[in-house]
There are 2 protein chains.
Amino acid sequence: MKKRATETAGKDEQLAQTSLRQFVGYEMKLAYLLIHADMMRILKPTGLRIVTFSALGIVVENPDISQTQLAQALQIERSGVVVIVDELENADLISRNKVEGDRRSYALRATLKGRNLWSRTEKLVHDHEDGILSGLDRSERETLKSLLGRVIEDNRKS
Amino acid sequence: MKKRATETAGKDEQLAQTSLRQFVGYEMKLAYLLIHADMMRILKPTGLRIVTFSALGIVVENPDISQTQLAQALQIERSGVVVIVDELENADLISRNKVEGDRRSYALRATLKGRNLWSRTEKLVHDHEDGILSGLDRSERETLKSLLGRVIEDNRKS
DNA sequence: TATTGTTATACTCTATAACTATA
DNA sequence: TATAGTTATAGAGTATAACAATA
(Lines give C-alpha, C1' and ligand atoms only; values in the text may rest on other atoms or scores of the structure.)
Protein backbone atom coordinates (compact mmCIF):
# COMPACT_ATOMS: atom_id res chain seq x y z
CA MET A 1 0.00 0.00 0.00
CA LYS A 2 1.31 3.41 -0.99
CA LYS A 3 1.85 5.98 1.66
CA ARG A 4 -0.76 8.70 1.54
CA ALA A 5 0.27 12.25 0.77
CA THR A 6 -0.15 13.26 4.41
CA GLU A 7 2.42 10.88 5.74
CA THR A 8 4.90 11.54 3.01
CA ALA A 9 4.60 15.29 2.98
CA GLY A 10 3.75 16.10 6.58
CA LYS A 11 0.85 18.17 7.74
CA ASP A 12 1.69 21.68 6.66
CA GLU A 13 3.28 20.99 3.32
CA GLN A 14 1.75 21.85 -0.02
CA LEU A 15 0.35 19.02 -2.06
CA ALA A 16 1.62 18.31 -5.53
CA GLN A 17 -0.42 20.24 -8.04
CA THR A 18 1.52 19.79 -11.24
CA SER A 19 -1.63 18.36 -12.79
CA LEU A 20 -3.29 21.76 -12.56
CA ARG A 21 -0.36 24.16 -12.50
CA GLN A 22 0.60 22.98 -15.97
CA PHE A 23 -2.37 24.98 -17.27
CA VAL A 24 -2.19 28.70 -17.88
CA GLY A 25 -5.90 28.89 -17.09
CA TYR A 26 -5.35 27.57 -13.60
CA GLU A 27 -2.58 30.04 -12.93
CA MET A 28 -4.78 32.79 -14.33
CA LYS A 29 -7.45 31.79 -11.85
CA LEU A 30 -5.04 31.76 -8.91
CA ALA A 31 -3.66 35.16 -9.86
CA TYR A 32 -7.14 36.55 -10.38
CA LEU A 33 -8.32 35.26 -7.00
CA LEU A 34 -5.33 36.88 -5.29
CA ILE A 35 -6.07 40.21 -6.94
CA HIS A 36 -9.78 39.90 -6.28
CA ALA A 37 -9.29 39.30 -2.56
CA ASP A 38 -6.81 42.15 -2.23
CA MET A 39 -9.09 44.48 -4.21
CA MET A 40 -11.96 43.83 -1.81
CA ARG A 41 -9.67 44.65 1.06
CA ILE A 42 -8.49 47.86 -0.61
CA LEU A 43 -11.99 48.99 -1.57
CA LYS A 44 -13.57 48.33 1.81
CA PRO A 45 -12.91 51.81 3.27
CA THR A 46 -14.35 53.46 0.15
CA GLY A 47 -17.70 51.70 0.50
CA LEU A 48 -17.41 50.49 -3.09
CA ARG A 49 -17.61 46.89 -4.24
CA ILE A 50 -15.51 45.79 -7.18
CA VAL A 51 -18.49 45.95 -9.52
CA THR A 52 -19.60 49.39 -8.32
CA PHE A 53 -16.01 50.61 -8.59
CA SER A 54 -15.97 49.38 -12.19
CA ALA A 55 -19.34 50.91 -12.96
CA LEU A 56 -18.31 54.23 -11.46
CA GLY A 57 -15.20 54.32 -13.62
CA ILE A 58 -17.17 53.66 -16.77
CA VAL A 59 -19.74 56.35 -15.94
CA VAL A 60 -17.00 58.88 -15.12
CA GLU A 61 -15.36 58.10 -18.44
CA ASN A 62 -18.60 57.99 -20.46
CA PRO A 63 -20.94 60.75 -19.32
CA ASP A 64 -24.61 60.28 -20.22
CA ILE A 65 -24.19 56.56 -20.82
CA SER A 66 -27.41 54.51 -20.58
CA GLN A 67 -27.94 51.58 -18.25
CA THR A 68 -28.10 49.20 -21.19
CA GLN A 69 -24.72 50.42 -22.39
CA LEU A 70 -23.34 50.11 -18.90
CA ALA A 71 -24.58 46.53 -18.83
CA GLN A 72 -22.68 45.81 -22.05
CA ALA A 73 -19.51 47.37 -20.69
CA LEU A 74 -19.76 45.39 -17.46
CA GLN A 75 -20.72 42.24 -19.36
CA ILE A 76 -23.74 41.61 -17.18
CA GLU A 77 -27.51 41.69 -17.78
CA ARG A 78 -29.48 44.93 -17.70
CA SER A 79 -31.43 43.71 -14.69
CA GLY A 80 -28.23 43.48 -12.71
CA VAL A 81 -27.28 47.04 -13.52
CA VAL A 82 -30.35 48.36 -11.72
CA VAL A 83 -29.08 47.54 -8.24
CA ILE A 84 -25.59 48.73 -9.10
CA VAL A 85 -26.89 52.09 -10.27
CA ASP A 86 -29.22 52.23 -7.26
CA GLU A 87 -26.24 51.71 -5.00
CA LEU A 88 -24.14 54.40 -6.66
CA GLU A 89 -27.08 56.81 -6.81
CA ASN A 90 -27.96 56.28 -3.14
CA ALA A 91 -24.35 57.09 -2.27
CA ASP A 92 -24.70 60.28 -4.35
CA LEU A 93 -21.87 59.19 -6.65
CA ILE A 94 -23.86 59.17 -9.90
CA SER A 95 -27.26 60.46 -11.00
CA ARG A 96 -30.01 59.25 -13.34
CA ASN A 97 -30.85 62.12 -15.67
CA LYS A 98 -33.70 62.59 -18.10
CA VAL A 99 -32.93 62.25 -21.77
CA GLU A 100 -34.67 64.66 -24.12
CA GLY A 101 -36.19 62.71 -26.95
CA ASP A 102 -36.40 59.35 -25.17
CA ARG A 103 -38.27 59.13 -21.93
CA ARG A 104 -37.51 55.43 -21.52
CA SER A 105 -33.84 55.72 -20.77
CA TYR A 106 -31.60 57.53 -18.32
CA ALA A 107 -28.37 59.37 -18.96
CA LEU A 108 -26.02 58.42 -16.16
CA ARG A 109 -23.55 60.99 -14.92
CA ALA A 110 -21.05 60.95 -12.08
CA THR A 111 -21.54 63.65 -9.47
CA LEU A 112 -18.65 65.77 -8.27
CA LYS A 113 -18.49 63.49 -5.24
CA GLY A 114 -18.41 60.51 -7.57
CA ARG A 115 -15.60 61.91 -9.68
CA ASN A 116 -13.60 62.74 -6.59
CA LEU A 117 -14.11 59.30 -5.11
CA TRP A 118 -13.11 57.76 -8.43
CA SER A 119 -9.86 59.73 -8.50
CA ARG A 120 -8.97 58.79 -4.96
CA THR A 121 -9.89 55.14 -5.46
CA GLU A 122 -7.96 54.96 -8.73
CA LYS A 123 -4.85 55.81 -6.71
CA LEU A 124 -5.68 53.19 -4.09
CA VAL A 125 -6.00 50.55 -6.77
CA HIS A 126 -2.70 51.59 -8.33
CA ASP A 127 -1.11 51.10 -4.91
CA HIS A 128 -2.77 47.70 -4.63
CA GLU A 129 -1.37 46.70 -8.02
CA ASP A 130 2.08 48.00 -7.13
CA GLY A 131 1.93 45.65 -4.16
CA ILE A 132 0.69 42.64 -6.08
CA LEU A 133 3.26 43.17 -8.84
CA SER A 134 6.11 44.20 -6.57
CA GLY A 135 8.13 41.18 -7.65
CA LEU A 136 8.12 42.29 -11.30
CA ASP A 137 10.14 45.15 -12.71
CA ARG A 138 8.58 47.80 -14.91
CA SER A 139 9.34 46.01 -18.14
CA GLU A 140 7.93 42.73 -16.86
CA ARG A 141 4.73 44.43 -15.73
CA GLU A 142 4.29 45.92 -19.17
CA THR A 143 4.93 42.56 -20.77
CA LEU A 144 2.32 40.89 -18.56
CA LYS A 145 -0.21 43.60 -19.31
CA SER A 146 0.48 43.46 -23.01
CA LEU A 147 0.20 39.66 -23.18
CA LEU A 148 -3.08 39.70 -21.27
CA GLY A 149 -4.38 42.41 -23.57
CA ARG A 150 -3.53 40.36 -26.62
CA VAL A 151 -5.21 37.25 -25.24
CA ILE A 152 -8.33 39.34 -24.65
CA GLU A 153 -8.33 40.91 -28.09
CA ASP A 154 -7.63 37.60 -29.81
CA ASN A 155 -10.63 35.96 -28.18
CA ARG A 156 -13.08 38.84 -28.21
CA LYS A 157 -16.26 38.14 -30.14
CA SER A 158 -14.78 35.17 -31.91
CA MET B 1 -25.07 69.70 -23.04
CA LYS B 2 -22.55 67.06 -23.99
CA LYS B 3 -23.52 64.44 -26.46
CA ARG B 4 -24.06 61.08 -24.84
CA ALA B 5 -21.82 58.18 -25.70
CA THR B 6 -24.55 56.56 -27.78
CA GLU B 7 -24.83 59.41 -30.21
CA THR B 8 -21.13 59.94 -30.51
CA ALA B 9 -20.15 56.33 -30.86
CA GLY B 10 -23.16 54.78 -32.54
CA LYS B 11 -25.05 51.79 -31.34
CA ASP B 12 -22.68 48.89 -31.86
CA GLU B 13 -19.42 50.51 -30.91
CA GLN B 14 -17.44 49.72 -27.79
CA LEU B 15 -17.48 52.27 -25.03
CA ALA B 16 -14.29 53.83 -23.77
CA GLN B 17 -12.91 51.76 -20.93
CA THR B 18 -9.47 53.24 -20.40
CA SER B 19 -10.47 53.85 -16.80
CA LEU B 20 -10.57 50.10 -16.18
CA ARG B 21 -8.24 48.73 -18.84
CA GLN B 22 -5.38 50.65 -17.25
CA PHE B 23 -5.44 48.05 -14.47
CA VAL B 24 -3.75 44.69 -14.78
CA GLY B 25 -6.38 43.28 -12.43
CA TYR B 26 -9.17 44.16 -14.81
CA GLU B 27 -7.38 42.56 -17.73
CA MET B 28 -6.71 39.53 -15.58
CA LYS B 29 -10.42 39.28 -14.89
CA LEU B 30 -11.36 39.60 -18.56
CA ALA B 31 -8.83 36.96 -19.56
CA TYR B 32 -9.95 34.68 -16.75
CA LEU B 33 -13.61 35.03 -17.73
CA LEU B 34 -12.77 34.14 -21.33
CA ILE B 35 -10.90 31.04 -20.25
CA HIS B 36 -13.58 30.10 -17.74
CA ALA B 37 -16.35 30.24 -20.32
CA ASP B 38 -14.36 28.26 -22.86
CA MET B 39 -13.40 25.69 -20.23
CA MET B 40 -17.05 25.07 -19.38
CA ARG B 41 -17.74 24.56 -23.06
CA ILE B 42 -14.83 22.14 -23.41
CA LEU B 43 -15.69 20.15 -20.28
CA LYS B 44 -19.39 19.79 -21.06
CA PRO B 45 -19.09 16.49 -22.98
CA THR B 46 -16.98 14.97 -20.20
CA GLY B 47 -19.66 15.57 -17.56
CA LEU B 48 -17.09 17.33 -15.39
CA ARG B 49 -17.41 20.82 -14.00
CA ILE B 50 -14.31 22.95 -13.65
CA VAL B 51 -14.14 22.28 -9.93
CA THR B 52 -14.63 18.51 -10.30
CA PHE B 53 -12.04 18.48 -13.09
CA SER B 54 -9.62 20.21 -10.72
CA ALA B 55 -10.45 17.86 -7.86
CA LEU B 56 -10.01 14.81 -10.07
CA GLY B 57 -6.59 16.01 -11.16
CA ILE B 58 -5.47 16.53 -7.59
CA VAL B 59 -6.71 13.09 -6.52
CA VAL B 60 -5.04 11.41 -9.50
CA GLU B 61 -1.82 13.16 -8.61
CA ASN B 62 -2.09 12.59 -4.85
CA PRO B 63 -3.43 9.11 -4.16
CA ASP B 64 -4.93 8.60 -0.69
CA ILE B 65 -5.37 12.31 -0.10
CA SER B 66 -7.97 13.23 2.56
CA GLN B 67 -10.97 15.47 1.97
CA THR B 68 -9.50 18.13 4.23
CA GLN B 69 -6.32 18.17 2.18
CA LEU B 70 -8.34 18.33 -1.00
CA ALA B 71 -10.18 21.33 0.44
CA GLN B 72 -6.85 23.07 1.06
CA ALA B 73 -5.64 22.34 -2.45
CA LEU B 74 -8.87 23.63 -3.98
CA GLN B 75 -8.91 26.59 -1.59
CA ILE B 76 -12.48 25.94 -0.51
CA GLU B 77 -14.11 24.84 2.74
CA ARG B 78 -14.27 21.18 3.77
CA SER B 79 -18.05 21.28 3.60
CA GLY B 80 -17.88 22.15 -0.06
CA VAL B 81 -15.63 19.21 -0.80
CA VAL B 82 -18.31 16.76 0.28
CA VAL B 83 -20.55 17.38 -2.72
CA ILE B 84 -17.58 17.45 -5.09
CA VAL B 85 -16.37 14.07 -3.84
CA ASP B 86 -19.95 12.76 -3.92
CA GLU B 87 -20.20 13.82 -7.54
CA LEU B 88 -16.92 12.16 -8.53
CA GLU B 89 -17.71 9.04 -6.53
CA ASN B 90 -21.18 8.70 -8.03
CA ALA B 91 -19.60 8.89 -11.47
CA ASP B 92 -17.22 6.11 -10.39
CA LEU B 93 -14.19 8.35 -11.00
CA ILE B 94 -12.81 8.27 -7.47
CA SER B 95 -13.47 6.19 -4.34
CA ARG B 96 -13.55 6.86 -0.59
CA ASN B 97 -11.36 4.29 1.09
CA LYS B 98 -10.91 3.35 4.72
CA VAL B 99 -7.74 4.49 6.43
CA GLU B 100 -6.14 2.11 8.87
CA GLY B 101 -5.36 3.96 12.04
CA ASP B 102 -7.87 6.79 11.61
CA ARG B 103 -11.50 5.92 11.14
CA ARG B 104 -12.54 9.55 10.83
CA SER B 105 -11.03 10.24 7.45
CA TYR B 106 -11.12 8.80 3.96
CA ALA B 107 -8.26 8.11 1.60
CA LEU B 108 -9.42 9.29 -1.82
CA ARG B 109 -8.22 7.42 -4.87
CA ALA B 110 -9.01 7.77 -8.55
CA THR B 111 -10.49 4.69 -10.19
CA LEU B 112 -9.15 3.39 -13.48
CA LYS B 113 -12.08 5.10 -15.14
CA GLY B 114 -11.15 8.28 -13.31
CA ARG B 115 -7.52 8.14 -14.38
CA ASN B 116 -8.54 7.49 -17.97
CA LEU B 117 -11.01 10.34 -17.98
CA TRP B 118 -8.36 12.60 -16.48
CA SER B 119 -5.89 11.74 -19.25
CA ARG B 120 -8.42 12.37 -21.98
CA THR B 121 -9.64 15.58 -20.43
CA GLU B 122 -6.11 16.83 -19.88
CA LYS B 123 -5.66 16.68 -23.65
CA LEU B 124 -8.95 18.49 -24.24
CA VAL B 125 -7.86 21.28 -21.94
CA HIS B 126 -4.50 21.54 -23.69
CA ASP B 127 -6.40 21.97 -26.95
CA HIS B 128 -8.56 24.62 -25.35
CA GLU B 129 -5.47 26.50 -24.19
CA ASP B 130 -3.85 26.19 -27.60
CA GLY B 131 -6.92 27.90 -28.97
CA ILE B 132 -7.05 30.65 -26.37
CA LEU B 133 -3.33 31.35 -26.74
CA SER B 134 -3.19 30.90 -30.51
CA GLY B 135 -2.14 34.53 -30.92
CA LEU B 136 1.00 34.02 -28.83
CA ASP B 137 4.10 32.16 -29.97
CA ARG B 138 5.74 29.53 -27.81
CA SER B 139 8.11 31.92 -26.14
CA GLU B 140 5.34 34.39 -25.34
CA ARG B 141 3.20 31.65 -23.82
CA GLU B 142 6.06 30.63 -21.59
CA THR B 143 6.64 34.23 -20.59
CA LEU B 144 2.98 34.67 -19.68
CA LYS B 145 2.96 31.48 -17.67
CA SER B 146 6.17 32.38 -15.90
CA LEU B 147 4.99 35.89 -15.00
CA LEU B 148 1.69 34.57 -13.66
CA GLY B 149 3.57 31.97 -11.64
CA ARG B 150 5.79 34.61 -10.11
CA VAL B 151 2.83 36.81 -9.19
CA ILE B 152 1.26 33.82 -7.46
CA GLU B 153 4.41 32.86 -5.58
CA ASP B 154 5.12 36.45 -4.55
CA ASN B 155 1.69 36.85 -3.01
CA ARG B 156 1.23 33.40 -1.52
CA LYS B 157 0.73 33.39 2.25
CA SER B 158 2.09 36.91 2.65
C1' DT C 1 -10.33 18.82 23.60
C1' DA C 2 -9.36 18.64 18.70
C1' DT C 3 -10.22 16.87 14.11
C1' DT C 4 -12.85 14.59 9.97
C1' DG C 5 -16.57 14.45 7.48
C1' DT C 6 -21.26 15.87 7.28
C1' DT C 7 -25.58 18.56 7.18
C1' DA C 8 -28.39 22.62 7.24
C1' DT C 9 -28.55 27.18 6.33
C1' DA C 10 -27.56 31.66 4.49
C1' DC C 11 -25.40 34.79 1.53
C1' DT C 12 -23.57 36.68 -2.88
C1' DC C 13 -23.71 37.02 -7.60
C1' DT C 14 -25.90 36.59 -11.69
C1' DA C 15 -29.35 35.00 -15.23
C1' DT C 16 -34.17 34.49 -16.83
C1' DA C 17 -38.59 35.90 -17.56
C1' DA C 18 -42.41 38.80 -17.14
C1' DC C 19 -43.98 43.48 -16.59
C1' DT C 20 -44.49 49.02 -17.61
C1' DA C 21 -43.80 52.81 -20.10
C1' DT C 22 -42.35 54.48 -23.74
C1' DA C 23 -40.76 54.47 -28.88
C1' DT D 1 -43.46 45.58 -32.48
C1' DA D 2 -39.31 46.76 -30.24
C1' DT D 3 -36.63 48.84 -26.52
C1' DA D 4 -35.19 50.76 -21.57
C1' DG D 5 -35.64 50.03 -17.20
C1' DT D 6 -37.65 47.36 -13.53
C1' DT D 7 -39.12 43.50 -10.59
C1' DA D 8 -39.47 38.84 -8.93
C1' DT D 9 -37.57 34.59 -8.94
C1' DA D 10 -34.35 30.94 -9.35
C1' DG D 11 -29.88 28.89 -9.81
C1' DA D 12 -24.83 28.51 -9.03
C1' DG D 13 -21.25 28.67 -5.89
C1' DT D 14 -19.50 29.18 -1.58
C1' DA D 15 -19.17 30.23 3.52
C1' DT D 16 -20.70 29.56 8.35
C1' DA D 17 -22.13 27.02 12.10
C1' DA D 18 -23.54 23.06 14.46
C1' DC D 19 -23.31 18.00 14.82
C1' DA D 20 -21.68 12.87 15.27
C1' DA D 21 -17.93 9.85 15.23
C1' DT D 22 -13.39 9.32 16.33
C1' DA D 23 -8.77 10.74 17.87
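**Charged pairs, symmetry and DNA**

Tutor: Arg104(A) counts as exposed, at 74% relative accessibility. Buried means under 20% relative accessible area, exposed over 50%, and partly exposed in between, with a 1.4 Å probe and protein chains only. This is a predicted model, in which local features need pLDDT of at least 70 and side-chain atom pairs count only at pLDDT 80 or more, while totals for chains, interfaces and linings use all residues. Residues are numbered from 1 along each chain as its sequence is written, chains are lettered from A and ligands numbered from 1 in the order in which they are written, and side-chain values use heavy atoms, with hydrogens and water left out.

Student: Ok, and what does Asp102(A) form with Arg104(A)?

Tutor: A salt bridge, with the closest N and O atoms 3.1 Å apart. The term stands for a side-chain nitrogen of Lys or Arg within 4 Å of a carboxyl oxygen of Asp or Glu. Asp102(A) is partly exposed, at 24% relative accessible area.

Student: Why can side chains pair like that?

Tutor: Because side chains of opposite charge can pair when their charged atoms come close.

Student: How many salt bridges are there over all chains?

Tutor: The structure holds 22. One of them joins Asp130(A) and Arg141(A), where the closest N and O atoms are 3.2 Å apart. That pair links distant parts of the chain, 11 residues apart: Asp130(A) is in helix H7 (residues 112–132) of chain A and Arg141(A) in helix H8 (residues 138–155) of chain A. Helices (H or I, at least four residues) and strands (E, at least two) are DSSP runs, numbered from the N terminus.

Student: Are those two buried or partly exposed?

Tutor: Asp130(A) is partly exposed at 43% relative accessibility, and Arg141(A) is partly exposed at 23%.

Student: Which residues are linked in a network of salt bridges?

Tutor: Arg21(A), Glu27(A), Lys145(B) and Glu153(B).

Student: Switching topic. What rotation superposes chain A on chain B?

Tutor: A rotation of 180°, with 0.0 Å of shift along its axis and an RMSD of 0.0 Å. That is the relation of a two-fold axis. In chain A, the C-alpha nearest the axis belongs to Leu144(A), 3.2 Å from it. The superposition is by least squares on the C-alpha atoms of residues with pLDDT of at least 70 in both copies.

Student: Now the DNA. How many residues surround DNA strand C?

Tutor: There are 17, and the closest are Ser79(A), Arg103(A), Gln67(B), Thr68(B) and Ser79(B). Sugar and phosphate make up 65% of the atoms of DNA strand C that come within 4 Å of the protein. A residue is near a strand if one of its heavy atoms lies within 4 Å of it.

Student: And which side chains have an N or O atom 2.7 Å or 2.8 Å from a base oxygen?

Tutor: For Ser79(A) the distance to a base oxygen of DNA strand C is 2.7 Å, and for Arg104(B) the distance to a base oxygen is 2.8 Å.

Student: Where does the largest share of the surface near DNA strand C come from?

Tutor: From H6(B), with three residues. Helix H5 (67–74) and H6 of chain B each supply at least two residues of that surface.

How values were computed. Polar contact = N/O pair within 3.5 Å; in protein donor to acceptor, adjacent residues only side chain to side chain.
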